[in-house]
Amino acid sequence: CATASAKVVAKNLATLLSGLRHAAGADVPIVGVTYPDVFLGLYLSKKSSQRQSAMRSLTEWQSILNPTLRSSYLAEGAGFVDVTAATGAYTPFSQTTSDPPYGTIPVAVADVCRLTYYCQLQNVHPKTAGYTVMARLIVATLRKIA
C-alpha cells in the first residue's frame, strides 16, 4: 500500500510544487516537511495486528514515503526537513521508557504521544510541542537555503 501511495504522492507533489514555484518565483524559498509517524501510536492497542502495523510503519516512512517526499522537494530546488527522523520515530523499539499512563513503551511511541494527539484521541495533528519542533526545524532549514 505504501509503495503505491508513494507513486501517487510523487506525481501530485511534482505538479503542486511546479505550480507553486511558478507562482512564487525562483527566489522564494520552499521547505517541504514530513510528519511525526503517528501510526506508532497504534503500538498502544491491545490488538496484535495494530501493534504490528505500528512496527511496520517505521519501514514505510523511512524507506518509502519520506524518501519520495525528499526527492520531490529537492527536484524542485526546495529545502527538506525529515520531521519523522527528528522526532525520534526511527528509535529502535528495544529502547523503552516509562510513560504514564501507558507504562513501559518504546521511546519512539512515547515521543509521538508527547508530540501529537494520536495516542489520546487518534487525531494525527501535533500538539503545541509538536508544532514547536516542526517550526524550529523549518526555520533552521530556511537559514541554510535562504
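User: Is W61 buried or exposed?

Analyst: In this predicted model, W61 is buried, with a relative accessible area of 11%. The residue belongs to helix α2.

User: What is the geometry of the rings of F39 and Y118?

Analyst: The centres of these two rings are 6.4 Å apart, with the planes at 65°, so the pair is edge-to-face. Because Y118 lies in helix α5 and F39 in the loop between β1 and α2, this pair ties together parts that are 79 residues apart in sequence. Y118 counts as buried, at 11% relative accessibility. Through such ring pairs, F39, W61 and Y118 are linked into a cluster.

User: Where does the charged end of R51 sit?

Analyst: The charged end of R51 sits over the ring of Y43, 4.0 Å from the centre of that ring.

User: Which residues of the largest nonpolar core touch the most other members?

Analyst: This core has 16 residues, and those touching the most other members are L40, Y43, L58, F93, V109 and V112. Helices α2, α4 and α5 each supply at least two residues of the core. The most comes from α4, with five residues. As a particular case, V109 touches L40, Y43, L44, F93 and C119, when residues up to four places away in sequence are not counted. There is also a second, separate core of seven residues, which includes L13, I30, Y73 and F80.

User: Let us turn to charges. How many salt bridges are there?

Analyst: Side chains of opposite charge can pair when their charged atoms come close. Here the count comes to one salt bridge. The partners are D111 and R114, whose closest N and O atoms are 3.8 Å apart. The two residues are three residues apart in helix α4 (residues 107-115), so about one helical turn separates them. D111 counts as buried, at 16% relative accessibility, whereas R114 is partly exposed, with a relative accessible area of 48%.

User: Where does D37 lie, and how far away is the nearest side chain of opposite charge?

Analyst: D37 lies in the loop between β1 (31-33) and α2 (48-75). D37 is buried yet has no salt bridge; the nearest side chain of opposite charge belongs to R56, 11 Å away. That distance may be read against the cut-off, since a salt bridge requires a side-chain nitrogen of Lys or Arg within 4 Å of a carboxyl oxygen of Asp or Glu.

User: What is D37 in contact with?

Analyst: Leaving aside neighbours within four places in sequence, D37 is in contact with S57, L58, W61, T84, A89 and V112.

Definitions and conventions:
Residues are numbered from 1 along each chain as its sequence is written. This is a predicted model: local features need pLDDT of at least 70, side-chain atom pairs count only at pLDDT 80 or more; totals for chains, interfaces and linings use all residues. Side-chain values use heavy atoms; hydrogens and water are left out. Helices (H or I, at least four residues) and strands (E, at least two) are DSSP runs, numbered from the N terminus. Buried means under 20% relative accessible area, exposed over 50%, partly exposed in between (1.4 Å probe, protein chains only). Lys and Arg count as positive and Asp and Glu as negative; His and the chain ends are not counted. Contact means heavy atoms within 4.5 Å. A nonpolar core is a set of buried Ala, Val, Leu, Ile, Met, Phe, Trp, Tyr and Cys residues joined through side-chain atoms within 4.5 Å. Rings of Phe, Tyr and Trp (its six-membered ring) pair if their centres lie within 6.5 Å; planes under 30 degrees apart count as stacked, over 60 as edge-to-face and the rest as tilted. A charge sits over a ring if NZ of Lys or CZ of Arg is within 6 Å of the ring centre and within 35 degrees of the ring normal.
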